[in-house]
Amino acid sequence: MVSRLGILTYVALAVRNLVRNRRRTTITLLTMMFGIATLTLLSALNDGWLSQMKTNFILSFTGHLQIHAKGFEASQNLRDNIADPDTISRYMDTYPEIIGWTQRIRTSGLASVSGNSTGVQIMAADPEQETWVTSMDQNVKTGVWLRPGMNKDLLLGKTVAQNLGAKLSDRVILMTQRPSGEMISEVYYLRGIIETGAPQIDRTLALISLDGAQQWLQMQQAVTDIVIRADHHDQTDTLYRLFVQQLSEQVYEIMPWQELDPMVRQWLEFSDAYGLIILFVVILLVLTEILNTMLISLHERQKELGVMIAIGTQPHRIFLMLLFEAVLLIFVGALLGYLIASLVVMLLADGGIDLTGYANAFEFFYMDPVIHPQLTRDSAVKILLATLVAALLAGIYPAWKATRLSVSQALRIQ
């Protein structure tokens, strides 16, 4: 008779059992809510600063994708150049994922001012196109950005300028090699000082205009880099595949931003691993709490369950009833915890969390001192799926144990 009861009856019994002991259920729910809210907030902070770091890294210098002549990134030799960049540039208007691109020449050299010298990375860029891809023009702290047609303009990284003792309008002599190997030097005038906050840029950058550099280095229209900015970070892989299909791997090397700076890539991977560890620890605590609650509940209800078995309730239905209780308890707690954390994230989204006191350390990793937490779909799915798995794991053992109850022993319990 009892075995013919519908599943909704057992669902109703599970809900009644949870409501019957309100104090225990409330404490368990609060624990769940606190755990999931904390996990969601930590995840949002992690996603927020990772997104900021990725954006700052890409927009400060690198772009989403770079195309070089084969072997240039390793050799840094001007002989490994792209002699006819127009063969690549014609693809730029055909891919809607691209919102900006620019051409550059990069080479190492020496900068000198009044007897002071330091090694630099000479970078030549188009004054207008560069602003389509990076935010370097916004990082000019003193002076002005490169002016179109002014081929003697020079911008230095902040640390380079400090090491040289250079001031605006000073004559700065740059020295490097042409693709032929001939040593050459030229006089430039310091028009601006750039401060990106990234030491590896501020201590080496010497920026001049592309037109002037091509004449000085006798490279005609050749460049060493074609730098591409995608509409969104997630489109980097799509663009990479498109250019790999169009360009010969024997002639060009196509490098996404992750390959251009292994340190940033490893830091992002480390952060992902760290997030998974936090997720595992919180879920383990939740699982322990729910398992403890279900075992106590099982102990208190042995007589009730014994009666159900005695009147013919099938063990698998008792198993499902107790499992549903665990899942329902965790699902409600997780949902409320996630909603609370979402509200906190929304309140912090605009103002962020100000960690200005640690600004120097964060800038080294391309981070802003103010972290804006972000709720992402991937993190939400990861948290809720992990919670569901924890609920099932926490419910299976007590539910299985209930099916193993001895009717005679259960009915003797007072």
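The UniProt record, in an unreviewed entry, puts the feature "transmembrane region" at residues 26–45, 273–298, 319–349 and 380–400. UniProt positions are in the numbering used here, feature names are shortened, and the annotations may be inferred rather than shown by experiment. What we have is a predicted model, so local features need pLDDT of at least 70 and side-chain atom pairs count only at pLDDT 80 or more, while totals for chains, interfaces and linings use all residues. Residues are numbered from 1 along each chain as its sequence is written, and side-chain values use heavy atoms, with hydrogens and water left out.

Back to two of those record spans. Residues 273–298 are 100% helix and 0% strand, with the end C-alpha atoms 37 Å apart. Residues 380–400 are also 100% helix and 0% strand, and there the end C-alpha atoms are 30 Å apart. Helices (H or I, at least four residues) and strands (E, at least two) are DSSP runs, numbered from the N terminus.

The same record, again as an unreviewed entry, places "domain: MacB-like periplasmic core" at residues 25–239. That span is 34% helix and 33% strand, and its end C-alpha atoms lie 52 Å apart.

Now the charged side chains. Side chains of opposite charge can pair when their charged atoms come close. A salt bridge here is a side-chain nitrogen of Lys or Arg within 4 Å of a carboxyl oxygen of Asp or Glu. How many salt bridges does a search of the whole structure find? It finds eight.

Take arginine 104 and glutamate 130, whose closest N and O atoms are 2.7 Å apart in a salt bridge. Arginine 104 is in strand E2 and glutamate 130 in helix H5 (residues 129–133), so this pair links distant parts of the chain, 26 residues apart. Both residues are buried, where buried means under 20% relative accessible area, exposed over 50%, and partly exposed in between (1.4 Å probe, protein chains only). Arginine 104 also lies over the face of phenylalanine 61, at 4.8 Å from the ring centre. For that call, NZ of Lys or CZ of Arg must be within 6 Å of the ring centre and within 35 degrees of the ring normal.

Next, aspartate 225 and arginine 106 form a salt bridge with the closest N and O atoms 2.4 Å apart. Aspartate 225 sits in strand E9 (residues 225–230) and arginine 106 in strand E2, so the pair ties together parts 119 residues apart in sequence. Aspartate 225 and arginine 106 are buried. A network of salt bridges links Glu73, Arg106 and Asp225.

Glutamate 186 and lysine 152 meet in a salt bridge at 3.1 Å, N to O. Glutamate 186 belongs to strand E7 (residues 183–194), and lysine 152 to the loop between strand E4 (140–143) and strand E5 (153–157), so parts 34 residues apart in sequence are tied together. Glutamate 186 is partly exposed at 25% relative accessible area, and lysine 152 is partly exposed at 36%. Lysine 152 lies over the face of tyrosine 188 too, at 5.5 Å from the ring centre.

Glutamate 97 is another case. Where is glutamate 97? In the loop between helix H4 (86–89) and strand E2 (98–113). Glutamate 97 is buried yet has no salt bridge, and the nearest side chain of opposite charge, arginine 241, is 8.5 Å away. For charge, Lys and Arg count as positive and Asp and Glu as negative, with His and the chain ends not counted. Not counting residues up to four places away in sequence, glutamate 97 touches Arg229, Ala230, Asp231, Gln235, Thr238, Leu239 and Leu242. Contact means heavy atoms within 4.5 Å.

On to the rings. The whole structure holds six aromatic pairs. Rings of Phe, Tyr and Trp (its six-membered ring) pair if their centres lie within 6.5 Å; planes under 30 degrees apart count as stacked, over 60 as edge-to-face and the rest as tilted. Why is the pair of tyrosine 95 and phenylalanine 243 called edge-to-face? Because their planes are at 85 degrees, with the ring centres 5.4 Å apart. Tyrosine 95 lies in the loop between H4 and E2 and phenylalanine 243 in helix H9 (residues 236–246), so the pair ties together parts 148 residues apart in sequence. Tyrosine 95 is buried at 9% relative accessible area, and phenylalanine 243 is buried at 0%. Ring pairs link Tyr91, Tyr95 and Phe243 into a cluster.

Last, threonine 118, in strand E3 (residues 116–125). Threonine 118 is buried, with a relative accessible area of 16%. From threonine 118 to leucine 164 is 46 residues in sequence and 7.0 Å in space, C-alpha to C-alpha.
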